[in-house]
Amino acid sequence: MLARIAQELFWLGRDLTRAEHTARMLDGAFHADVAGALADRGVTLSWEGVVAIIGAKPPAPGEKRRAPTDVPPPFDRHEVAALLTIDMATPASIASCIDRARERARTLRDVISTEMWEALNSFFLSLGRYDLQAALITGPYSAYQEVKERCALFWGLVERTMLHDESRSFLEAGGRIEAADMVLRMLRVAVPADLSAAAEGAQPGHEGEAIALLHAVGGVQAYQRAVRYAPALPAVVRFLLYDDGYPGSVAFSLQALRAALHTADAQPRSSPPVLRLGRLIADLELQRRTHEGFDQTLERVQHELELVDHDIDERYFAIAALAAVHL
Amino acid sequence: MPEVDDYHVPPGCCDELLDAGGEPREHAASLLATLQRLGPDALVAAGERREDIFMQQGITFEVTASDGARRDRPFPLDLVPRVMPAGEWTTIKRGLAQRIRALNAFVDDVYHAHEIVRAGIVPWSLIVSRPSFARPVHGVRAPGGVYCHVSGCDLVRDGDGSWRVLEDNVRTPSGISYVIENRVAMTRLMPELFAGHRVRPIDHYPSLLLDALRVVAPAGGEDPNVVVWTPGPLNPAYFEHTFLARQMGVELVEATDLVVRDAICFMRTTAGLQRVHAIYRRLDDDFIDPLEFRPDSLLGVPGLVRAYREGTVAIANAIGTGVADDKAIYHYVPEMIRFYLGEEPILGNVPTYLLTNERTRREVLKRLDELVVKPTSESGGKGVFIGPHASAAEREHQAQLIEADPARFIAQELVHLSTAPTEVGEGKLAPRHVDLRPFAVFGDEIRIVPGGLTRVALREGSLIVNSSQGGGSKDTWVLAEDGADELASGTYRPRRPPRLPDVRYGGWSGQEQQQQQ
Amino acid sequence: MPTAEMNFAIRYLTRYLYDADVVDNLNALRVKPNANGRQRCDEFNVRLDPEARLHRHTDYFGTEVVEFEISRPHRELTIDVRARVSTKEPSPPSETGWEALLKPSYREAGGEFLLQTDDAPGHPALEDLLATTRAASSPLAALMLVSELIPDRFQYRKGATYVDSPISHLLDGEGGVCQDFVHLGLCLLRHHGIAARYVSGYLFAANRDGSEESVEVDTHAWLQALLPTLDGSEPVWVGADPTNSGLARENHVKIGHGRHYADVPPIKGVYRGRAGAELHSGVTMTRLERPDPASLARS
């Protein structure tokens with residue numbers, strides 16, 4: 001398929017996933033804040049943390065770069081929430097992501113189903129109608145709920161109405177790589193440097209963090225069914241990194257990403273991104289057993305993922321640069 | 001017939017469906033009877049449903065309003081079709097094929113031996129002063145010798161009933177998507193009208209085009225890769241570009257998707273570069289290659305002309321074809337038919353006058369109140385001056401323009417465009433002027449879709465039918481000949497569902513299969 | 001008695017330096033001295049760095065075009081053109097009256113070169129020049145006048161105009177370069193019904209005593225006007241130089257012609273990449289004392 005179309009699909013998946021994760025993270029931060037967790041319990045998944053996670057991301061194609069944090073500390077929750085939810089001038093805000101997603105979907109009208117288009121279109125229109133400004137002040141829960149539901153609707157329609165072909169693989173790949181990336185960033189911000197991976201039991205001062213993390217990915221129930229102990233930070237981090245039964249974990253996302261690229265690629269056996277991903281997944285499996293310090297693991301995995309992203313760009317989308325004329 | 005009681009055809013014009021006595025013509029009798037039976041309310045109701053359908057499906061085109069704003073409007077379709085008997089179509093078909101063959105030969109000649117210039121028929125200085133004369137392709141032969149792959153010649157029926165060609169369009173004629181969508185809409189909105197008629201289908205155009213492109217593609221044994229090249233979503237005809245690409249089952253590409261390496265054109269895919277053998281391009285020559293044409297064109301593909309010169313890619317329509325549809329060249333087309341084909345033209349021209357000749361110019365200026373004046377380089381009905389409709393001040397202004405730059409204009413006799421019954425509000429029918437744009441595809445042969453786009457000037461008395469100037473369209477029906485084994489189309493029959501297994505409640509017959517349309 | 005002949009070695013070196021990697025660098029060169037009645041190109045080659053295959057064809061105006069493309073990423077492009085050319089003094093032009101321009105055969109021969117490509121109607125400087133040149137006694141006299149008036153009235157100055165400047169920029173009085181002077185000259189001649197074409201080439205701009213062996217120049221532009229002949233034979237293209245005044249001579253080495261600059265640019269190209277480019281280029285022309293020994297042996 002045309003490289004340009006594949007790239008649009010890839011980034012459509014990324015934009016939507018970014019919006020969804022941002023909504024969940026902000027929801028989690030609100031929850032922790034309201035529950036009084038932030039001040040007392042040293043939760044670093046605070047407003048600063050969220051800004052650091054989202055603000056530091058490189059821009060998507062079509063996105064203009066803006067200075068990462070125009071909001072000076074200390075971070076007021078209303079300002080941050082507004083910045084990352086409705087501010088159209090911030091490329092990473094939910095509203096910007098959905099705006100871009102809809103624009104991309106317009107180019108992709110012939111590739112995605114009518115229902116998928118209509119879901120995105122009405123998502124975009126609803127953001128305009130919804131008085132987010134007011135909602136953010138009184139209680140943003142319903143706003144973020146709306147975002148989560150509409151994203152879920154979209155992926156549900158993908159599941160139901162989209163042909164299992166190359167286009168779908170790129171859409172899926174975009175969603176998965178973004179999910180892995182967002183969770184990694186979140187973990188890097190939230191996990192204290194000295195946290196020992198070997199510790200099993202709860203550690204004082206970290207309970208709030210553990211719960212905040214789970215909230216931020218929507219994995220509270222899944223964790224409880226999988227682990228059955230009260231959330232303890234090291235265990236939660238391990239869960240979010242390695243558990244290949246949980247769809248939001250890094251390991252799961254990476255495996256799904258590899259599967260999508262494997263389907264899309266004409267020659268997966270000699271494909272650099274597929275091969276690199278394979279090595280990364282194997283490496284992750286190794287880490288799971290060896291209890292290496294989280295810090296090094298997280299940094300290495302994220303770095304490798306960046307290289308995978310670059311490989312994908314090179315392999316499928318080619319260099320789409322502007323032409324210039326010289327005489 | 002109540003709705004056509006005060007139906008006044010302008011003097012000197014024919015009507016397509018009614019004769020001089022106001023009676024329905026034979027081929028239109030059934031249609032008009034059905035319309036009468038349905039009554040004006042049916043038309044009004046169908047009109048409302050039509051707006052909804054077109055907007056929803058995005059069958060729109062862009063129009064510039066009087067305040068300069070550009071808006072998407074649903075393509076205006078009048079619900080009363082234009083009907084043509086089979087015999088009449090045969091004449092048009094033969095005449096068009098003849099004309100296109102001559103135009104094609106002319107383009108080839110202009111870029112090679114200049115025989116028609118040597119024979120003293122067309123002056124070289126005229127050809128070389130046409131803005132669309134493309135020097136970069138002089139000496140280059142298009143694959144298969146076909147230059148005018150897609151033509152849309154505009155025809156009108158004059159007051160004496162004869163068909164004349166008003167204008168040739170062999171650059172990037174558009175409108176075929178509306179022809180096809182109009183037919184689909186008519187079958188949904190006014191299916192009753194089709195009863196009792198055998199209307200020839202028109203939805204095979206995309207496969208005609210695809211076949212033609214595949215035939216001329218220099219693929220050398222490989223499966224030819226054909227693409228549709230669009231300037232992008234901001235182009236007013238973008239709907240048609242996506243429509244055709246989808247119907248033909250080929251990729252719709254923009255300039256950034258194409259790259260030329262080693263004089264071969266490729267498209268960028270996720271599996272690397274894939275060779276392109278034929279391009280149906282919907283942008284003007286001026287923009288296609290910054291190395292040979294406009295250097296500031298970001299819509300172009302550098303090196304494309306080089307690939308074309310080497311014969312590795314077919315481009316439809318060929319580069320430089322615009323030299324044949326210049327309004328000043330139009331004057332010579334009947335001579336071209338005689339010169340290249342040795343035949344007499346089946347379809348006539350509208351008498352046209354080149355204003356660069358001083359004597360002709362003086363005659364024209366004397367008769368400015370009777371004639372039509374058109375700028376040679378505009379399209380879409382822009383800048384057209386119609387003498388009998390103009391005020392004294394407008395005539396004065398036009399005379400000045402002509403004196404200042406006579407080469408910019410041509411003058412034509414006024415054609416008394418035929419009219420057709422058109423819904424003008426509340427289900428009432430009134431005569432409005434129409435023209436006809438059939439679409440022809442030239443691959444190994446010339447094939448023409450029956451009928452084409454009938455454009456109608458919606459304002460009373462107006463002769464300007466272009467959509468950008470507020471014109472509308474009608475579905476065009478060419479009736480199948482008796483005994484012809486053409487498929488009937490548009491016949492409305494209720495469908496019966498097949499029998500469900502294990503459902504024993506009876507009542508389902510299940511064996512009859514419904515006819516495919 | 002052989003007519004005066006001059007022989008030159010020409011080296012036209014161009015370098016582009018890009019501030020980042022570029023790809024798909026496509027270029028068309030119009031740099032080869034053409035072969036005509038008074039000029040012969042004995043040697044011509046083009047070397048590229050990075051290397052690429054060269055493709056040649058002759059364009060509509062009869063100019064030889066060399067094309068190449070460099071697809072892989074690179075930061076620099078060097079185009080090294082070398083040629084050896086031999087020129088003869090042009091024959092003196094014949095002088096007819098203005099009425100010869102009205103003949104249909106003249107207009108057919110002039111064709112597209114009679115049409116304006118750039119004009120500045122109503123501009124006082126242009127109107128003045130038109131009035132002065134219209135008063136010339138013959139088309140040839142008008143041509144001479146055009147080639148003398150323009151360098152006299154306008155200042156030769158680099159940087160005042162750009163490669164796509166219209167003649168109004170020059171007329172506004174801030175100066176211009178040979179390309180602008182030629183475009184103005186073409187406009188004037190065509191106004192008088194004289195067919196005229198833009199010529200691109202190399203000029204051996206030696207100083208008066210002719211002592212220089214070698215000069216460093218840029219490519220040069222002049223014009224040719226189509227003048228009717230006295231004996232009624234085909235009209236003849238006569239070269240004149242509105243930058244240096246007077247008719248073109250054997251130190252004018254022609255590459256090709258067109259209606260205006262855009263028809264015959266020495267180098268035209270496009271590349272892909274978000275990079276700016278720095279251009280260094282220059283022409284070295286060296287006068288050779290004698291024709292090549294090899295060609296002497298032939299004659």
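In the predicted model, 14 residues of chain A are in contact with 15 residues of chain B. Two elements of chain A each supply at least two residues of the side that touches chain B: helix 1 (3–34) and strand 1 (323–326). Helix 1 of chain A gives the largest share, three residues. By class, this side of chain A holds 11 nonpolar residues and three charged ones. No polar residue is found there.

A further interface joins chain B to chain C. Here, 14 residues of chain B are in contact with 15 residues of chain C. Three elements of chain B give two or more residues to the side that touches chain C. They are helix 5 (124–128), strand 9 (258–261) and helix 10 (304–309) of chain B. The largest share, three residues, comes from helix 5 of chain B. The side of chain B that touches chain C is made up of six nonpolar, four polar and four charged residues.

Chain B also contains an open sheet of four strands. The strands follow the order 15-18-16-17, and their pairing is antiparallel. Strand 15 (352–354) and strand 17 (385–386) of chain B form the edges. Each of these edge strands pairs on one side only. In general, strands of a sheet pair through backbone hydrogen bonds, either parallel or antiparallel. Strand 15 of chain B pairs with strand 18 (residues 409–413) of chain B over three bridges, in the antiparallel sense. Within this part of the sheet, Thr352(B) stands opposite Gln412(B), a residue in strand 18 of chain B.

Methods: Residues numbered from 1 in each chain as written. Chains lettered and ligands numbered in written order. Predicted model: local features only at pLDDT ≥ 70, side-chain atom pairs only at ≥ 80, totals over all residues. Contact = placed C-beta atoms within 7 Å. Nonpolar A, V, L, I, M, F, W, Y, C, P; charged D, E, K, R; others polar. Pairing = 2+ DSSP bridges.
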